[in-house]
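Subject: Structure handover

Hello,

Here is the structure I promised to pass on. My notes follow below it.

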Amino acid sequence: MEFSTQTSASLHQIKTAALGVGVFAEGILSPAAELIDRASNGAVSAAVKAEFKGKPNTHLVLRNLPGVKAERVILVGLGAQEEYKAATHTQAQACLASYCLKADLKEAVSALSSIDCKGTTLRSRAQDAAVAVCRASYRYTATFSKPEPAPQLSQFLLWTARTQASEAKAGLEQGQAIGNGVNLTRLLADLPGNICTPTYLGKTAKQLAKEFKTLKAEVLERKQIEALKMGSFLSVAKGSDEPPAFIVLRHTPSTKTKHEDGPIVLVGKGLTFDSGGISIKPAGNMDEMKYDMGGAASVLGTMRAIAELNIDREVIAVVASCENMPSGRANKPGDVVTSMSGQTIEILNTDAEGRLVLCDALTYVERFKPAAVIDMATLTGACVVALGHVNTGLFSTDDDLADELMQAGKQTGDTAWRMPMDDAYQEQLRSNFADMANIGGPPAGSVTAACFLSRFTKAYRWAHLDIAGTAWRSGKDKGATGRPVPLLVQYLLNQCR
Ligand code: BES
Ligand code: MN
Ligand code: ZN
């Protein structure tokens, strides 16, 4: 798919299969809709009056308007003008793209980014538009015997003033990279656990390194993980016949600006299936635990995006991947393991395995002398209770890092909400038989999980994103969301300025 700009001053003269223009609630036309209305002798306002309320997520198709060269004009609802915001603009672009894909059109021109919108710039709107179009184009087909052919737009053009075309193009380029990263993340997460294994994730990292010359991949196998003394990670991995993988994927920018700060490190939880182990989960919805590698998937999607953009910052991704299964070799409640850091852990619940896997990865990354480490994980059901499916849980002991991540979330609409990490919560992890327990009891479950991780992150600035509620949707439209790739890519882009 190609994204570009269309800078013709006369909107009605543009030849295209579909031209998208916005209409606010109560039939208030956007400036672009006004232009088409005038060119067509009032055909737009007549149609709006007759049958279009301008509600968000609705559209009306007008074909062959007199005086207008576009084959169709798509009126896209924008809701109340005084409430118009970035999220409404994104939704409108998605609505336009979905219509075009459903109608199997190959190209479209959108005038929707030409509307000013509080808290945005043309560049940010162009970025949001490209992400929305990429998102709308995603189809999961990998495991159907006769998949329907996925419709594809070959060209999506944003209508902009000529003087602003370069701004818009920069936004589109970033948005396309983010969109590609999001869709890679969604595919990896949607793939079933019997296909997307730790080995498969390792192969995906290697494939990315083949595709992008700034990326280098290294996949450590069980023997090498043993040599590193990752006793906590391995204790989870050994319960499954599926071999674990410890993946290191490094982006070294081709432009050689040296950053004294050291690399930014991303760490992903890669449980390609979490049955709970001996503390086994109930059967209902257990299939969704194939998504327990959502952190790993978003780390790989983010690396794809930043490699495509060749961002001027060294970024290292680390994924710790295995399955959590019940077996004769699985962890048992009461077992004590020794982490790579030397700290011992009493496993009181084998289903709190994410932190057991992550803690060794967090110790491993000390060697990079990172400027910051951000881990992401579908870590706790408690985070879903606290924040639902709207915000990712953000935990950090560093206020500046937390603010930067919050800001990146707001910029992209991929929002996070900061949770507390007071020392007082640490007491819940006390164990009679080891340095710490792996669970802290029912109160504040997502906080005590973060507190557990914090014990392995003393050597650097660190933040943790709990994406248990945001990485996928349940129900009839079950599927991965690609979050928090937009937040992360935006954060990394912001670090380059
Ligand atoms: N992967 C799960 C967390 C999860 C559960 C994410 C449901 C999304 C939806 C994690 O490994 C887990 O099982 N956590 C336990 C921790 C508990 C035993 C302290 C949980 O949240 O129940
Ligand atoms: Mn679990
Ligand atoms: Zn898990």
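Is Glu353 buried or exposed? Glu353 is buried, at 1% relative accessibility. (Buried means under 20% relative accessible area, exposed over 50%, and partly exposed in between, with a 1.4 Å probe and protein chains only.)

First, the ground rules. This is a predicted model, where local features need pLDDT of at least 70 and side-chain atom pairs count only at pLDDT 80 or more, while totals for chains, interfaces and linings use all residues. Residues are numbered from 1 along each chain as its sequence is written, chains are lettered from A and ligands numbered from 1 in the order in which they are written, and side-chain values use heavy atoms, with hydrogens and water left out.

The metal site

Start with the manganese ion (ligand 2). Its protein donors are Asp274 (OD), Asp351 (O), Asp351 (OD) and Glu353 (OE), at 2.0 to 2.2 Å. (Donors are N, O and S atoms within 2.8 Å of the metal, or 3.2 Å for Na, K and Ca; water is not among the atoms, so sites may look incomplete.) Along the chain, the donors of the manganese ion (ligand 2) are spaced D-x76-D-x1-E.

The zinc ion (ligand 3) lies 3.2 Å from the manganese ion (ligand 2), and Asp274 coordinates both. Asp274 sits in strand S9 (residues 264-274) and Glu353 in the loop between strand S12 (344-347) and helix H10 (354-364), so the pair ties together parts 79 residues apart in sequence. (Helices, H or I with at least four residues, and strands, E with at least two, are DSSP runs numbered from the N terminus.) Asp274 is also buried, at 3% relative accessibility.

The annotated residues

The UniProt record, an unreviewed entry, puts the annotation "active site" on Lys281 and Arg355. (UniProt positions are in the numbering used here, feature names are shortened, and annotations may be inferred rather than shown by experiment.) Both Lys281 and Arg355 are in the lining of the second largest pocket.

Lys281 is in the loop between S9 and helix H9 (294-309). Lys281 is partly exposed, with a relative accessible area of 22%. Leaving out residues up to four places away in sequence, Lys281 touches Asp274 and Asp351, among others. (Contact means heavy atoms within 4.5 Å.)

Arg355 is in helix H10. Arg355 is buried, with a relative accessible area of 7%. Beyond its neighbours within four places in sequence, the contacts of Arg355 include Thr380, Asn438 and Phe452.

The pocket and the cavity

How many residues line the second largest pocket? There are 33, and Lys281, Asp351, Thr380, Gly381 and Ala382 lie nearest its centre. S9, H10, helix H11 (381-387) and helix H13 (445-454) each give two or more residues to this lining. H11 gives the largest share, four residues. The second largest pocket holds about 790 Å³ of space.

(On a 1 Å grid over the protein atoms alone, a cavity is a set of points where a 1.4 Å probe fits but cannot get out; a pocket is an open set with protein on both sides within 12 Å along at least five of seven lines; lining residues have an atom within 4 Å of a point. Grid points are joined across faces, edges and corners, and a volume is the space filled by probe spheres set on the points.)

By this rule there is one cavity of 30 Å³ or more. The largest cavity has a volume of about 30 Å³. Its lining includes Ser235, Gly277 and Thr350.

Best wishes
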